Amino acid sequence: MSDSLNWRIENGTVAFDGDLNRETLLPFWKQRQKILTSDIHTLNVAHLVRVDSAGLAMLIHLLADVTQRPQSLKLAGMTEKLQTLAALYNLQQIIEPYLVSPPDVV
């Protein structure tokens, strides 16, 4: 298991890998306003190993927080595990408008 969250920025996408959970999300959360500039349009979560409810809550907050951004973010790379977690919390309808299909991922 990873125990850390890493991210990289390229071509307007923040790509995450590792674990997104209550123990690992704080460094990203503290830097989110600096990282999520107007040039960023997509969050790629395809390489996350594990996401817990706190990580899912952070993703939803980032996607839905239109007060901080002129345009909304898109979510790419939803894994089956992440889709299951969203379904357990009945959040599919909230996440669905933000999803992009794999061909749209840069």
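**View 1. N11 counts as exposed, at 56% relative accessibility.** Exposed here means over 50% relative accessible area, buried means under 20%, and partly exposed is in between (1.4 Å probe, protein chains only). You'll find N11 in the loop between strand 1 (5-10) and strand 2 (13-20). N11 isn't a glycine, yet its phi is positive, at about 50 degrees. Helices (H or I, at least four residues) and strands (E, at least two) are DSSP runs, numbered from the N terminus. This is a predicted model, where local features need pLDDT of at least 70 and side-chain atom pairs count only at pLDDT 80 or more, while totals for chains, interfaces and linings use all residues. Residues are numbered from 1 along each chain as its sequence is written, and side-chain values use heavy atoms, with hydrogens and water left out.

**View 2. N90 sits in the loop between helix 3 (80-88) and helix 4 (92-95).** Its phi is positive too, near 60 degrees, and N90 is not a glycine. At 63% relative accessibility, N90 counts as exposed.

**View 3. W7, F16 and F28 form one aromatic cluster.** Rings of Phe, Tyr and Trp (its six-membered ring) pair if their centres lie within 6.5 Å; planes under 30 degrees apart are stacked, over 60 edge-to-face, and the rest tilted. The structure holds 2 aromatic pairs. W7 and F28 make an edge-to-face pair, 5.0 Å centre to centre with 85 degrees between the planes. This pair links W7 in strand 1 with F28 in helix 1 (residues 26-35), 21 residues apart. W7 is partly exposed at 24% relative accessibility, whereas F28 is buried at 0%.
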